[in-house]
Amino acid sequence: MRVVMLGLYPVRPDVILGGEEAVVAMLSKQLSRDPALDLHVVTFRGTGKEDRVEELPGLTVHRLAQPRFGRPTWHRAEIRRLHRALRSLRPDVVHAHGSQVHTAAAVRSGLPTVVTIHGIMAREAGTLQVWWRKVARTLDAWFERYALRGVQNLIAISPYVLEAYPWLRPAQVYHIENPVDDLFFATERREEPERILCPARVIPRKGILFLLQALPALVREFPGLQLRIAGESQAMPSYLAACRTFIAGRGLAGHVRFLDNLSMAELAEEYARCTLMVLPSMQETAPVVIGEAMAVGVPVVATRVGGVAHMVQDGVTGLLVDYGHVDGLTAALRRLLNDGALRRAMGRQARLQAKQRFRLSLVAERTKRVYEDILVKSKARSP
């Protein structure tokens, strides 16, 4: 069976930018080991003016040169390029990721297609403050409705996906959560005291300033406290500058470190050594970083937004707080920093749940069964 994945694929295999890249990279790598599959990935990520093909073991990656001015032209040129690639590859099944151009092209290709939605553009638009970024994301949200119109087969990584799109009516919904790379399951905890990890980009949606507001009170109680922010930090220089200004104004410079992008091995080391993980976001769908933390056995403090409550069991695998409630976030972090027995109990339960839910081999096998189901139904409909 020939399968073509459309979506974001990393430029460097050891540096992942966002959940969609992580899922496409992990799934394609795992599925490429199946001799019954002829697997291809088609992406606009990581090329210049010329198309490029990379032959990997069991997998072919087609990097297409991306036409300019996608938003104002409703991505017509990109969709045409993707359709040409699909006509050339002639897949049995197309698996599109995201809710933008890759999905729009797949749904309108006439080929048997399944879609996995990762980010909710309509919800993300409301988290932006810079006017031109808000306009851009609003255009993406409008295009999202166009792209998703007509989706017949949907992989829902969280029940929240269906809650966020009450107008979406796929004929078939497959509930499959995001996978976690085996590296994190193989990582052993070596917890260090008063070390908080926040694996998030430095952008407003991730709530970094909200988290920083909880720090002064905590530093007074835990003088050795270290907050380590692991995520790309240059996308919004003004927001990074605001974070640094807050840090300097509160005398927190010795307690906060921006690590920027880390390799997967480096990130696994951060999970191993942290006391706890925090994700203070304004909006999330099904964050891969929560699954990674759970796989390592790290208790999680997170905001009760989007699909987070479907991943973190409050009081069992972590603690949930309301976004913007600084006292609530401070109290949750304080509670776990003070209570080693609770951290260990939550970490054990988190790891147990992760093994049952996020194992890459299990997710890949379930995804393959989706392909087989779609192909059988497609053949049954054929004259």
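**View 1. An aromatic cluster in the predicted model.** In this model, which is predicted rather than determined by experiment, ring pairs join W74, F143 and Y146 into a cluster. The structure as a whole holds 6 aromatic pairs. A pair of aromatic rings is described by two values, the distance of the centres and the angle of the planes. For W74 and F143 the ring centres are 5.2 Å apart and the planes stand at 80°, so this pair is edge-to-face, the term used for angles over 60 degrees.

**View 2. The surroundings of W74 and F143.** W74 belongs to the loop between β4 and α2 (76–89), whereas F143 belongs to helix α5 (residues 131–148), so their pairing ties together parts that lie 69 residues apart in sequence. W74 has a relative accessible area of 28% and is therefore partly exposed, while F143, at 1% relative accessibility, counts as buried.

**View 3. The open sheet of 8 strands.** The strands follow the order β3-β4-β2-β1-β5-β6-β7-β8, and their pairing is mixed. At the edges are β3 (52–56) and β8 (172–175), each of which pairs on one side only. Strands of a sheet pair through backbone hydrogen bonds, either parallel or antiparallel. Strand β1 (residues 2–6) and strand β2 (residues 38–43) pair in the parallel sense, over 5 bridges, and here V4 stands opposite H40 in β2.

**View 4. Helices packed on the sheet.** Helix α1 (residues 19–31) packs on the sheet and touches β1, β2, β4 (59–63) and β5 (93–97), with its direction at about 150° to that of β5. Helix α14 (residues 360–381) also packs on the sheet, where it touches β1, β5, β6 (113–116), β7 (153–156) and β8, and its direction makes about 165° with that of β8.

**View 5. The packing of helices α8 and α9.** Two packed helices are described by the angle between their axes and the distance between the axes. Helix α8 (residues 208–221) and helix α9 (residues 237–249) pack at an angle of about 5°, and their axes are 10 Å apart. Because angles under 35 degrees count as roughly parallel, α8 and α9 are described as roughly parallel to each other. On the α8 side of the contact are I208, L209, L212 and Q213, which meet Y239, A242, C243, F246 and I247 in α9. Sorted by class, this contact of α8 with α9 has 8 nonpolar residues, 1 polar residue and no charged residues.

Technical notes. Residues are numbered from 1 along each chain as its sequence is written. This is a predicted model: local features need pLDDT of at least 70, side-chain atom pairs count only at pLDDT 80 or more; totals for chains, interfaces and linings use all residues. Side-chain values use heavy atoms; hydrogens and water are left out. Axes are lines fitted to C-alpha atoms, for helices over the stretch in contact, and angles run from 0 to 180 degrees between N-to-C directions. Helices (H or I, at least four residues) and strands (E, at least two) are DSSP runs, numbered from the N terminus. Angles under 35 degrees count as roughly parallel, over 145 as roughly antiparallel, 65 to 115 as roughly perpendicular and the rest as oblique. Contact means heavy atoms within 4.5 Å. Ala, Val, Leu, Ile, Met, Phe, Trp, Tyr, Cys and Pro count as nonpolar, Asp, Glu, Lys and Arg as charged, and the others, Gly among them, as polar. Two strands pair if DSSP finds at least two bridges between them. Rings of Phe, Tyr and Trp (its six-membered ring) pair if their centres lie within 6.5 Å; planes under 30 degrees apart count as stacked, over 60 as edge-to-face and the rest as tilted. Buried means under 20% relative accessible area, exposed over 50%, partly exposed in between (1.4 Å probe, protein chains only).
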